[in-house]
Amino acid sequence: MALPVRHRPDLAAATSPVPARAAEPRPHVRWPAPVRRSRSDAERTQWTHPTVISSEVLESEDPKWQGKAPPVTSLGDLVDTLLAGASPAPIVTAGDPVLRRPALPYDGQLSAAQLDGLLALMRTTMNEAPGVGLAAPQIGVPLRIAVIEDPAPGPAEVLRARRRVPQPFRVLVNPRYEAAGPGVAAFFEGCLSVPGWQAVTARLERVRLRGQDETGRELDEVAEGWPARIVQHETDHLDGMLYLDRAEMRSLSANAHVLDRWSQPTPEAAAEALGFSLPTSVQGRAGSTSTTP
Ligand SMILES: [Zn+2]
């Protein structure tokens with residue numbers, strides 16, 4: 001999810017009420033080791049993601065590729081190829097099918113080193129963009145994994161209205177959410193995979209988040225306000241949805257207009273000037289999540 005500010009915040013200066021998990025020693029990853037087994041052609045097709053690979057290798061002078069994507073036959077190979085490439089990773093943009101397919105549940109398809117490397121690459125890519133969330137499909141990896149980190153920069157009045165508080169770096173594995181109350185909040189929202197644009201999007205104000213963290217520990221918690229918005233945005237990515245599927249399209253605004261005209265704490269002025277009603281319910285089909293309050 002894109003960070004709705006013009007400049008990259010000073011992440012080092014960001015304060016957080018919760019110690020950043022990254023500073024703690026990593027517990028032993030209990031995901032089972034990946035099993036090497038032959039794949040059917042269908043699985044190979046599903047797991048091959050030429051778009052991310054090709055953008056990086058088609059210009060390569062390495063004769064072994066000869067203008068073709070390398071043979072990616074497993075998620076592990078895909079992650080290895082990404083880890084050998086650029087950091088931050090190229091972010092996949094709207095129009096790539098990987099953003100429109102439900103991602104595969106993570107059940108230990110990667111080695112511990114591959115998972116660690118992928119999470120580090122996702123964090124760097126999110127921070128450099130900058131953004132406050134990134135789902136694995138956004139760098140071409142069709143797994144149900146997302147990262148979140150929000151230093152919550154900006155005027156206090158805006159942060160208060162949007163219920164936006166700092167979020168330490170964290171990992172969501174196989175996340176899913178459901179409504180934990182009837183409230184809905186509508187604010188401008190953006191996405192790193194739809195660069196340059198933002199739109200008013202209604203989100204549940206309070207959700208129950210379940211899934212695992214990167215160690216396999218079960219998560220079951222309630223998220224509220226802006227953190228709940230990030231959870232919904234990133235989980236939707238893993239269901240093949242973009243925020244535009246839920247947005248009020250008459251609010252669609254280039255970043256420059258959001259910054260210059262629609263940076264008020266709430267989007268009432270934008271609604272009046274652009275001719276839309278503030279949405280009072282979450283739009284768009286439900287994926288594997290339950291989004292009906
Ligand atoms: Zn996004």
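Let's start with Arg-250, which touches Leu-274, Gly-275 and Phe-276 once we set aside residues up to four places away in sequence. Keep in mind that this is a predicted model. The C-alpha atoms of Arg-250 and Phe-276 are separated by 6.1 Å, although the two residues sit 26 residues apart along the chain. Arg-250 itself lies in the loop between H6 and strand E8, residues 253–254.

Now let's walk back along the chain to H6. This helix covers residues 225–238, and 13 of its 14 residues are buried. Just after the helix, Gly-240 takes a positive phi of about 80 degrees.

H6 also carries some annotated residues. The unreviewed UniProt entry places the feature "active site" at Glu-234, and that residue is found in helix H6. Glu-234 is buried, because 25 other C-beta atoms lie within 10 Å. Leaving aside its neighbours within four places in sequence, Glu-234 is in contact with Met-1, Gly-133, Ala-135, Ala-146, Ile-148 and Leu-172.

Next, which residues does the UniProt annotation "binding site" cover? In that unreviewed entry, they are Cys-191, His-233 and His-237. They are spread over 47 residues of sequence, yet they cluster in space, with a largest C-alpha distance of 10.1 Å.

Let's take two of these in turn. His-233 is in helix H6 and counts as buried because it has 26 other C-beta atoms within 10 Å. Not counting residues up to four places away in sequence, His-233 touches Met-1, Gly-133, Glu-189 and Tyr-243.

And where is Cys-191 found? It is in the loop between strand E4, residues 184–190, and strand E5, residues 197–204. Cys-191 is buried too, because it has 28 C-beta neighbours inside 10 Å.

Technical notes. Residues are numbered from 1 along each chain as its sequence is written. This is a predicted model: local features need pLDDT of at least 70, side-chain atom pairs count only at pLDDT 80 or more; totals for chains, interfaces and linings use all residues. UniProt positions are given in the numbering used here, feature names are shortened, and annotations may be inferred rather than shown by experiment. Helices (H or I, at least four residues) and strands (E, at least two) are DSSP runs, numbered from the N terminus. A residue is buried if 20 or more other C-beta atoms lie within 10 Å of its own, exposed if 12 or fewer, and partly exposed in between; C-beta atoms are placed from the backbone. Two residues are in contact if their C-beta atoms, placed from the backbone, lie within 7 Å.
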